[in-house]
Amino acid sequence: MSELASAKSARSAVELDGVDKRFGDVQALSGIELTLDDGEFVSLIGPSGCGKSTLLRVVADLEQPTAGTVQVGGKPARQARLDQDYGIAFQQSGLLEWRTVAENVELPLHVHGVGKAERRARAAELLELVGLADFAGSRPAQLSGGMQQRVAIARALAPQPKLLLMDEPFGALDEMTRERMQAELLRIARESGAAVLFVTHSIPEAVVLSDRVVVMTPRPGRITEIVDGRRPGRDAAELEPDDVEDVRETAAFFAAVTAVREALRKGHQ
Amino acid sequence: MGGRTRSVVTTVSAFALLVLLWELVKLVVPDDGVVVGGVRILPRTDDASMPHVWTVIAKLGQPEVAGAADVRTVGAAVAQSALYTLGLALGGLVLGGVLGVVLALVMLRFRLAERAMLPYIVASQTVPLIAIAPLVAGWGGKIAIMGWAWQPWASVMVIASYLAFFPIAVGALRGLAGPNRASVELFTSLAAGWWTTLRRLRLPAAVPAIIPAVRLAAAAAVVGAIVAEISTGTRGGIGRLIIEYAQTATGDPSQLYAAILGAAVLGLVAAALVSLLDRALWRYRGAVG
């Protein structure tokens, strides 16, 4: 084993090398090469069937690649899953109805046998982070869709992962809630310091959130282009929701949206 | 609590309505029933066929054998045997519940087992209880478990469980397989094993499907216990009492009706016990993730 190689991969949150995935006759992913740095926010965008969700699921070790290697935080994907090195959130919040909001956030810790006092403290801290401290004792059914999704994000963050995987987490929300959630997510990602791999089919959403937007095309699913997102002030101490609103009106934002749109169109030809 | 009061009121008024209807039929329909063209389309309503409700109630306070003051009252006899049968039915319910859940778990774990077993589980319920009751009693007479000789009441319990396990197996299988793919994958992503997923996701999510199954199973266990007592000739229970009273019923049917009333109350008590279980598990009754 070359120490140099492992030292290099330890620096990246995700490293995909020559990843293929085949379902029977369908080539879902072909020759995927992608690296996420620590703390980096990367979106996957593309039409239905381009394999963006499959790619995320391969990173999560919910699917096995047919070829290639997947490293998460310098470990094989399977080991990373067993060590709970990532947190995941899906389009459906998937909260357990019989647990309170706090107990849902505690779930990952509960499954791994963390003591009650520690779980309580961590859940309180996370609910504070997502702005739901007052709802700790509520049932998921009492919350709105946007609030449920924030609980799901808090749950994903419970094991203090270095990586957050999100599969269209705001897909079922209305536009207003969605934009507010995007601002929230940026703040949460910065405060937790986690890298984010984010699947979406909304171009503005990808641009406003990401350091880099990965454009994918179907049949076979592959990466056609990587566009720099126009997310300002990564290093700024605070990013208020209002700032995100401002970003949506900058020329840089429109330029990036256009670039992504053209990359998608090119892929369709 | 408002819902609870309402359900008690509903139950009581339904009973009152039944009593009223009974007495109304006695009042309106002639003693000899209604015969049209040689066919009796409404039953006889004379006191020997349909005793007054108050006659049946009064009967509960009278001694079992007319004129003998030192024997127990009909009411005591009915209560005692109903309690005995309730014990056997509950034992059958527990036995059937364990068997049903274990079968559901095996079918859940091994898809092949589901395909292999489910048809036989369904078929098991088409065998008439009357046919298997003597068989179970016959086998039971030949075995002794670790020095413990088989008792007739154990046969009754086994037969009750034979009816009770079916709804629980089917309901539990549906409930355990209920959680959607996203929930199951969440647990996979948490590196939760099969048992952890079962305990923290599948079992809690199955409660809304299992409670109605237990309710059905409890009713089936009561019917199973009563029929089993009759067909195996087991003493001490309400099934046997019904038979005994039926034989002396020709002159005075109120005693038989008292026993039937006891059997009905027994069913209600079993249903009420399931409601207690339901209340204890209120947390899990909501929608499934």
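Trainee: Before we dig in, what does the model score for ipTM and pTM?
Mentor: The ipTM is 0.82 and the pTM is 0.78. Keep in mind that this is a predicted model.

Trainee: And what pLDDT does chain B average?
Mentor: Chain B averages 85, and 94% of the residues score at least 70.

Trainee: What box do the C-alpha atoms of chain B fill?
Mentor: Roughly 75 × 55 × 45 Å, taken along the principal axes. Of the 289 residues in chain B, 34% are buried.

Trainee: What about contacts in chain B between residues at least 6 apart in sequence?
Mentor: Among those, 71% join residues at least 24 apart.

Trainee: Let's look at helix α8 of chain B. What does it span between its end C-alpha atoms?
Mentor: That helix, residues 194-232, spans only 43 Å, while a straight helix of 39 residues would span 57 Å.

Trainee: Where does α8(B) bend?
Mentor: At V207(B), by about 50°. A proline, P208(B), follows within four residues.

Trainee: And what follows α8(B)?
Mentor: G233(B) does, and its phi is positive, near 70°.

Trainee: Switching topic: which residues touch the most other members in the largest nonpolar core?
Mentor: V59(A), L163(A), L165(A), L197(A) and V260(A) do, in a core of 80 residues. Helix α6 of chain A, residues 145-157, gives the most to this core, with seven residues.

Trainee: Take L165(A). What is it in contact with, leaving aside neighbours within four places in sequence?
Mentor: The partners of L165(A) are L56(A), V59(A), A60(A), Y86(A), I88(A) and L197(A).

Trainee: Which residues does the second core include?
Mentor: The second core is separate and has 65 residues, M157(B), A206(B), A217(B) and A258(B) among them.

Trainee: Last topic, the interface. How many residues of chain A are in contact with chain B?
Mentor: 16 residues of chain A are in contact with 18 residues of chain B. On the chain A side, α3 (77-82) and α4 (101-111) each supply at least two residues.

Trainee: How do the residues on that side of chain A divide into nonpolar, polar and charged?
Mentor: There are 11 nonpolar, three polar and two charged residues on the side of chain A that touches chain B.

Methods:
Residues numbered from 1 in each chain as written. Chains lettered and ligands numbered in written order. Predicted model: local features only at pLDDT ≥ 70, side-chain atom pairs only at ≥ 80, totals over all residues. Expected span 1.5 Å × (residues − 1). Bend = angle between axes of the 7 residues up to and from the residue. Buried ≥ 20, exposed ≤ 12 C-beta atoms within 10 Å, placed from the backbone. Contact = placed C-beta atoms within 7 Å. Core = buried A, V, L, I, M, F, W, Y, C linked by C-beta atoms within 7 Å. Nonpolar A, V, L, I, M, F, W, Y, C, P; charged D, E, K, R; others polar. pLDDT = per-residue confidence, 0-100.
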